[in-house]
Amino acid sequence: MFLFMLQPSTIRKPFVSTLLLPILIILIFSQQVISVSSFRLLPLLFSSSTVLLPMDNVPLSVPVHELAAQANSYASANGVQVEKRYENDKSKSYFECAPMSLLPNAYPKRAFGQAQELAPHFNQLVDRVSRDADFLHQTLGGGVSDTDPYTAKLLQLYKEIYVQESGEPNFAKTADFLGIHRSDYMLHKDKGSDQYNIKQVELNTIASSFAGLSTKVSALHRHLTSRFEDDVKDLLETNKKVVLGSDEATTNGDTPDGVPVNPALERIPSAMKVAFAQYQSRFSPDPKKTVILFVVQDGETNTVDQRMLEFQLWQDHQVPVVRMSLTSAHTEIELDGKTGALKIASTGQEIAVVYFRAGYAPTDYPDGYDGIEWKARAKLERSRATKSPSLGYHLAGTKKVQQELARPGSLERFFPQDSDKVIIEGLKQAFAGLYSLGDDATEEDKSAVKDVLAGAEGKYVLKPQREGGGYNFYGENLLAKLKANVKQTDSDVELAPVLGEFILMERLFPPIQKAILLRGGKVEGSGDTISELGCFATVVASTDGNVLHNEYAGFLLRTKFSNVDEGGVASGFATLSSPYLC
Ligand code: ADP
Ligand code: MG
């Protein structure tokens with residue numbers, strides 16, 4: 001508690017005025033640090049002092065530090081916090097305010113509605129893809145598996161557990177599936193259109209985070225926009241004009257503008273409860289000894305977000321949660337070879353649902369591909385417990401699958417009925433241009449590569465099969481990567497096999513809005529920002545394809561400075577925000 005009070009915000013003011021200010025002035029006047037980023041730092045340094053600098057023309061009629069103080073207090077009072085580890089002793093930690101945008105960002109009601117409507121269809125798509133072993137093998141088995149051992153390992157386990165017949169009892173094949181998905185979108189204008197539409201950045205099927213924190217941030221933003229309505233209206237109006245097309249600006253629906261209630265923190269635990277209850281009714285475990293397992297990373301910092309789900313599960317449904325890393329699960333969890341029940345050895349508790357907030361990156365398996373973490377993952381998967389996600393759901397969320405699904409005719413494989421045509425149309429409209437760089441590259445894919453090589457690298461993003469932020473290639477790095485791995489002849493291009501695991505994606509250009517971003521409870525800066533909407537969706541399906549539950553489950557908006565390429569809140573690029581529907 002004492003350490004918590006000694007956060008930099010409380011000690012910064014004298015430090016700034018006595019030491020940093022003269023240094024900064026000298027640096028600026030010697031023209032060494034005059035850059036966009038140094039101007040962004042100015043408000044950071046002065047945020048808690050009485051000196052107010054213009055906030056990059058952000059039109060606010062209340063001093064920003066007053067609003068920031070309200071926001072921080074509200075955030076602390078409501079747990080909008082992340083855990084931080086001390087540099088010199090990683091075993092000790094403290095909590096600080098999560099990175100957030102001071103105010104919500106304008107978002108067209110129509111586009112938000114589209115994301116909500118697509119949610120159950122993406123759930124259905126993931127479920128169907130997860131059951132199509134041929135499709136997964138064709139898509140991920142060739143160049144992707146050759147160049148990415150992580151995806152290769154997931155696919156190999158999937159085949160061992162769900163496809164091959166071993167003669168042994170196979171409990172995984174009888175287990176239900178729980179999907180907790182988040183489809184991420186950016187607003188983007190199609191050529192010739194004056195309206196912004198949603199385009200999918202990616203579909204997360206494992207460890208989709210921030211349901212807890214984003215629910216609280218939207219409540220914070222509802223508070224600020226009503227409590228300070230007159231002070232913030234100019235900023236909201238300015239941003240509103242940027243996101244609305246000419247039609248929408250005059251006819252933007254009957255519902256009043258504002259931040260909607262975010263049901264994520266209620267709906268995700270409620271989907272977990274559906275899966276939990278289904279397990280109980282199928283297998284009748286001891287009701288006093290049945291739990292949900294949260295598989296978590298050692299050293300995780302986004303713990304508050306995870307704990308919120310845990311506490312809500314108890315509050316609303318009296319379902320207890322046990323947290324454990326994959327490393328510990330290897331020794332502490334036993335699989336009953338006769339029944340397929342998964343039990344915690346020391347307590348005898350039975351695990352009905354396994355919820356993965358770890359396991360999505362190679363670093364979550366420190367003992368290597370034949371090591372104990374992968375053995376633990378396989379053990380959990382082989383049980384009769386409901387996995388969120390199962391290996392199939394996990395694979396369905398890979399970037400290569402996303403690219404393959406955008407190919408003409410692909411969606412028809414999963415939505416074959418005539419009545420599905422509307423669904424296919426809706427999903428397709430949300431796809432951006434996606435191109436393969438593997439041995440299956442078509443003429444269209446190759447022409448995107450040629451476009452990059454001809455100098456259009458700013459119109460694309462290059463992505464490997466990784467999750468968690470920080471892996472993509474943009475701009476000159478993207479160009480250099482392709483130049484090094486593409487042989488260009490007269491009219492053709494030859495792609496090196498190392499590109500097999502990459503996809504090339506059309507770059508999206510969301511509207512640029514004014515915002516003030518806070519990090520660690522302090523104003524990080526203000527100015528031009530872009531946002532990415534995440535739409536949560538939950539699904540519970542039985543082994544024979546019966547969908548027991550399928551719904552939209554809330555939202556997340558992440559906002560970052562427009563000159564930052566990457567996303568991700570936990571990885572330090574973006575902040576938590578909310579849509580101000582208009
Ligand atoms: P990850 O699994 O690492 O989150 P993403 O595909 O979500 O991978 O990419 C990370 C971030 O990069 C996104 O949050 C977004 O900010 C940015 N990004 C990804 N794809 C695009 C794109 N097509 N256009 C613009 N920005 C993108
Ligand atoms: Mg992402």
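This is a predicted model: local features need pLDDT of at least 70, side-chain atom pairs count only at pLDDT 80 or more; totals for chains, interfaces and linings use all residues.

User: Why is Ser383 called buried?

Analyst: Buried means under 20% relative accessible area. Ser383 has 0% relative accessibility, so it counts as buried.

User: Where does Ser383 lie, and which residues does it touch?

Analyst: Ser383 lies in the loop between α15 (372-382) and β12 (386-388). Leaving aside residues up to four places away in sequence, Ser383 touches Phe171, Ala172, Ala175, Leu335, Gly340 and Leu342.

User: On to ligand 1. Which residues come nearest?

Analyst: There are 21 residues around ligand 1, and Lys399, Lys463, Gly469, Tyr474 and Glu532 come nearest. By class, that shell has 11 charged, 6 nonpolar and 4 polar residues.

User: Which polar atoms does ligand 1 meet in Lys463, Gly469 and Leu508?

Analyst: In Lys463, an N or O atom of the side chain is 2.7 Å from an oxygen atom of ligand 1. For Gly469, a polar backbone atom is 2.7 Å from an oxygen atom of the ligand. With Leu508, a nitrogen atom of ligand 1 is 2.8 Å from a polar backbone atom.

User: How much of ligand 1 does the protein cover?

Analyst: The protein covers 96% of the 540 Å² of accessible area that ligand 1 has on its own. The elements that give two or more residues to the shell are β6 (196-204), β14 (460-463) and β17 (503-506).

User: Now the rings. How many aromatic pairs are there, and why is Phe122 with Phe431 called tilted?

Analyst: The count comes to 15 aromatic pairs. Phe122 and Phe431 are 6.4 Å centre to centre with 50° between the planes. Stacked needs planes under 30 degrees apart and edge-to-face over 60, so 50° falls to tilted, and the centres meet the 6.5 Å limit.

User: What makes that a link between distant parts of the chain?

Analyst: Phe122 is in helix α5 (residues 109-130) while Phe431 is in the loop between α19 (421-429) and β13 (434-436), 309 residues apart. Phe122 is buried because its relative accessible area is 3%, and Phe431 is buried because its value is 10%.

User: Why are Tyr279 and Phe283 said to be about one helical turn apart?

Analyst: Because they are 4 residues apart in helix α12 (residues 264-283). Tyr279 and Phe283 also form a tilted pair, 4.8 Å centre to centre with 55° between the planes. Tyr279 counts as buried at 1% relative accessibility, whereas Phe283 counts as partly exposed at 22%.

User: Which residues form a ring cluster?

Analyst: Ring pairs link Tyr150, Tyr365, Tyr369 and Trp374 into a cluster.

User: Last, the backbone. What is noted about the phi of Phe210 and Ser284?

Analyst: Neither is a glycine, yet phi is positive: about 80° for Phe210 and about 45° for Ser284. Phe210 lies in the loop between β6 and α9 (211-227), and Ser284 in the loop between α12 and β7 (290-295).

User: Buried or exposed, for those two?

Analyst: Phe210 is buried, because its relative accessible area is 4%. Ser284 has 59% relative accessibility, so it counts as exposed, the mark for that being over 50%.

Notes:
Residues are numbered from 1 along each chain as its sequence is written. Chains are lettered from A and ligands numbered from 1 in the order in which they are written. Side-chain values use heavy atoms; hydrogens and water are left out. Buried means under 20% relative accessible area, exposed over 50%, partly exposed in between (1.4 Å probe, protein chains only). Contact means heavy atoms within 4.5 Å. A residue is near a molecule or strand if one of its heavy atoms lies within 4 Å of it. A polar contact is a pair of N or O atoms within 3.5 Å; within protein, one must be able to donate a hydrogen and the other to accept it, and residues adjacent in sequence count only if both atoms are side-chain atoms. Accessible areas come from the Shrake-Rupley method with a 1.4 Å probe; for residues, only the protein chains shown count as cover. Ala, Val, Leu, Ile, Met, Phe, Trp, Tyr, Cys and Pro count as nonpolar, Asp, Glu, Lys and Arg as charged, and the others, Gly among them, as polar. Rings of Phe, Tyr and Trp (its six-membered ring) pair if their centres lie within 6.5 Å; planes under 30 degrees apart count as stacked, over 60 as edge-to-face and the rest as tilted.
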